[in-house]
Amino acid sequence: KALMQAVGASAGTAGAMMKGELAYSPAVGKASIATMAGVSHVFADYFPAGSTSDKSTAAPKIWEDAAGFAAANAKFMADAGAAAAASGKDGPADLDAFKAAAGPVLANCKACHEVYRIQK
């Protein structure tokens, strides 16, 4: 849960910069992307069969469609890795570069939540 909260915070910051609600900062952009890229490598490991609870928003579809969930994670990992590589040493140079790098990663979050998360 803590990993998803970290991704959520990073996605929220990224979204706020993309919408102009928060001034763009290359360092903050890089940090947001780095968080999502790091978590992408491990978060699927935290969903072994039978690991759900009443407090979880993980949908049963995670276990019913394990191959689909693994594929969604692989796409998230690939897109987050590409975004991290595009970020360079100092982060995306400007907002347009950040949008190009982070946009596909955030699209993965949305797509995965639509299928593998219980909507409340």
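Me: Is Phe69 buried or exposed here?
Reply: Phe69 counts as buried, at 6% relative accessibility (buried means under 20% relative accessible area, exposed over 50%, and partly exposed in between, with a 1.4 Å probe and protein chains only). This is a predicted model, where local features need pLDDT of at least 70 and side-chain atom pairs count only at pLDDT 80 or more, while totals for chains, interfaces and linings use all residues. Residues are numbered from 1 along each chain as its sequence is written, and side-chain values use heavy atoms, leaving out hydrogens and water.

Me: How many aromatic pairs are there?
Reply: Searching the whole structure gives seven aromatic pairs (ring centres of Phe, Tyr or Trp, using its six-membered ring, within 6.5 Å; planes under 30 degrees apart are stacked, over 60 edge-to-face, the rest tilted). One of them is Phe43 with Phe47, which is edge-to-face, at 6.0 Å between centres and 85 degrees between planes.

Me: And how exposed is Phe47?
Reply: Phe47 is partly exposed, with a relative accessible area of 22%, while Phe43 is buried at 6%. Phe47 also pairs with Phe69, and because their planes are at 75 degrees, with centres 5.4 Å apart, that pair is edge-to-face.

Me: What does that pair tie together?
Reply: Phe47 lies in the loop between helix H2 (26–40) and helix H3 (61–64), and Phe69 lies in helix H4 (residues 66–87), so the pair ties together parts 22 residues apart in sequence (helices are DSSP runs of H or I, at least four residues, numbered from the N terminus).

Me: Which residues form the aromatic cluster?
Reply: Phe43, Phe47, Trp63, Phe69, Phe76 and Tyr116 form one cluster.

Methods:
Helix = DSSP H or I, 4+ residues; strand = E, 2+ residues; numbered from the N terminus.
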